[in-house]
Amino acid sequence: MNPEQPADPPDEPPAQGKPIGRRVLLGTLGLGALGVLTAPTLQRGLEAFLGNAADKDPTGLTGLLPNGGGFRYYSVTSSVPHKSAEDYRLTVDGLVHRPTTYTLADLRKLPQTRLVKDVQCVTGWRVPGTPFEGVRLSRLLDAVGVRPQGRAVRFTCFDGAYTESLTLDQARRSDVLVALRMQDKDLGHSHGGPVRLYVAPMYFYKSAKWLSGITVTDEVRPGYWEERGYDVDAWVGRSNGRDDAPTS
Amino acid sequence: MPLRADASAPKTVRLPRFSRAERWIHRTTAVLMGTCVVTAACLYLPQLAELVGRRELVVRIHEWAGIALPVPVLAGLASRAFRADLGRLNRFGAHDRRWLRAALRRDRRHASRPADKFNAGQKIYAAWIAGASLVMLGTGLLMWFTHLTPLMWRTSATFVHDWLALTIGVVLAGHIGMALADPEARRGLRTGAVDREWAEREHPLWRP
């Protein structure tokens with residue numbers, strides 16, 4: 001490291017010696033900057049590697065690593081009530097002809113659509129090829145009959161805080177579901193069950209968990225995260241300053 | 001814990017190691033770093049996130065603790081003792097090389113690990129954690145003020161922030177683990193003074 005130093009002087013005053021500490025500090029800063037510059041390449045490599053490792057990992061520990069694959073749990077409230085098939089209700093109201101309340105059994109009786117697409121979170125993680133199954137939102141809107149003044153749809157959740165919204169055109173897309181199943185299982189509570197929204201072409205914060213209300217409104221009202229800076233039109237790859245590959 | 005400040009009959013000789021200012025710099029930095037780590041865990045680990053929720057509040061606490069993290073050290077620059085110790089941490093002599101070589105060989109004998117007031121491991125840790133904290137601060141700001149930076153920077157900053165956070169967690173656990181294993185070193189940071197025997201054993205080149 002410093003071969004020109006004399007061998008082991010017993011009483012070396014602290015002011016002498018090489019400023020290695022400063023070099024380590026600056027080197028760490030430099031590596032950090034280099035990491036930011038080379039991140040896209042590093043990230044692609046790591047995602048491929050960890051994705052393969054996660055498939056063969058019985059412990060599930062790889063899921064805790066950054067970009068290790070899998071979903072992450074985000075809630076904006078301290079606790080979320082549990083709803084079962086007995087007490088779950090979904091109300092559809094607002095600027096509609098026939099306001100309706102659906103039970104879980106009602107929703108299950110309607111024709112189901114299954115979509116298999118990637119899930120992309122705005123914070124960076126992506127879960128490839130995730131099956132969602134449920135009722136097309138457009139079918140529910142047609143069933144209640146949207147009045148001519150209706151321009152947008154607002155979603156509320158039984159966690160008591162989260163809200164989301166779509167324009168009526170976005171809400172009528174065939175890849176927007178009121179989802180009852182994910183990964184071919186009934187939606188569990190931590191994934192937003194028993195019923196959540198699934199907006200395939202947008203960042204995952206649009207897919208509100210614990211869906212309890214659908215209200216047709218005359219204009220788009222920004223949702224929970226959108227009042228805190230996220231884009232309202234959250235197309236994957238074309239919003240929020242990100243360039244991810246589109247999901248739908 | 002017996003207090004040895006009683007000057008009338010000291011059983012062992014206590015050597016002054018850290019000034020009051022230095023102890024408070026360490027304490028406040030530790031509290032801020034601890035806050036960053038705990039809030040980060042609540043944002044990142046699914047089980048804890050499920051338990052705590054309140055994502056917005058946790059994010060705010062994390063951001064402000066991170067911003068405040070360098071403040072104790074910067075304010076501490078007003079202290080002459082602290083500046084002198086920073087100088088000691090910065091400079092590496094030939095004995096530090098011997099210490100590092102012994103550490104790599106897992107040679108634990110005190111004779112092969114000569115150290116001044118700080119040993120080479122402490123010096124490397126101090127420099128690295130300072131640099132790493134600044135990288136976390138920089139990448140954290142890029143993630144915080146998302147609309148001010150080009151789009152690619154933000155994803156890249158998140159990537160570095162996540163992986164460096166994991167690294168810091170491991171290194172910090174080592175730092176705390178070594179402190180737990182050495183009560184006299186902890187007493188030095190709590191009371192400011194250490195036992196002379198301990199100092200002669202662990203830091204033979206140190207002349208307080």
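Analyst: In chain B, residues 163–181 are 95% helix and 0% strand, and the end C-alpha atoms of this span lie 28 Å apart. This is a predicted model, in which local features need pLDDT of at least 70 and side-chain atom pairs count only at pLDDT 80 or more, while totals for chains, interfaces and linings use all residues. Residues are numbered from 1 along each chain as its sequence is written, and chains are lettered from A and ligands numbered from 1 in the order in which they are written.

User: What makes a stretch count as helix or strand, and how many of each are in chain B?

Analyst: Helices are DSSP runs of H or I with at least four residues, strands are runs of E with at least two, and both are numbered from the N terminus. Chain B has ten helices and two strands, in the order β-α-α-α-α-α-α-α-α-α-β-α from the N terminus. Chain A has four helices and ten strands.

User: Which residues of chain B does the UniProt annotation "transmembrane region" cover?

Analyst: According to the unreviewed UniProt entry, the annotation covers residues 24–49, 61–82, 124–143 and 163–181 of chain B. UniProt positions are given in the numbering used here, feature names are shortened, and annotations may be inferred rather than shown by experiment. In the model, residues 124–143 of chain B are 100% helix and 0% strand, with end C-alpha atoms 28 Å apart.

User: Why does A40(B) count as buried?

Analyst: A residue is buried if 20 or more other C-beta atoms lie within 10 Å of its own, exposed if 12 or fewer do, and partly exposed in between, the C-beta atoms being placed from the backbone. A40(B) has 22 C-beta neighbours inside 10 Å and therefore counts as buried. A40(B) is placed in helix 1 (residues 20–44) of chain B. In chain B, 27% of the 208 residues count as buried; in chain A, 33% of the 248 residues do.

User: Which residues does A40(B) touch, leaving out residues up to four places away in sequence?

Analyst: They are H62(B) and A165(B). Two residues are in contact if their C-beta atoms, placed from the backbone, lie within 7 Å.

User: How do you know that the buried residues of helix 5 of chain B are on the same side?

Analyst: The buried residues of helix 5 (residues 80–90) of chain B are F82(B), D85(B), L89(B) and N90(B). They cover an arc of only 145 degrees around the axis and therefore lie on the same side of helix 5 of chain B; the arc is that of the directions from the helix axis to the C-beta atoms. The face turned away from the buried side of helix 5 of chain B carries the exposed residues R80(B) and R83(B).

User: Why are helix 6 and helix 7 of chain B called roughly perpendicular?

Analyst: Angles of 65 to 115 degrees count as roughly perpendicular, those under 35 as roughly parallel, those over 145 as roughly antiparallel and the rest as oblique. Axes are lines fitted to C-alpha atoms, for helices over the stretch in contact, and angles run from 0 to 180 degrees between N-to-C directions. Helix 6 (residues 94–104) and helix 7 (residues 120–144) of chain B pack at about 90 degrees, with their axes 8 Å apart. Helix 6 and helix 7 of chain B are therefore roughly perpendicular to each other. Among the residues making the contact are W99(B) of helix 6 and G121(B) of helix 7.
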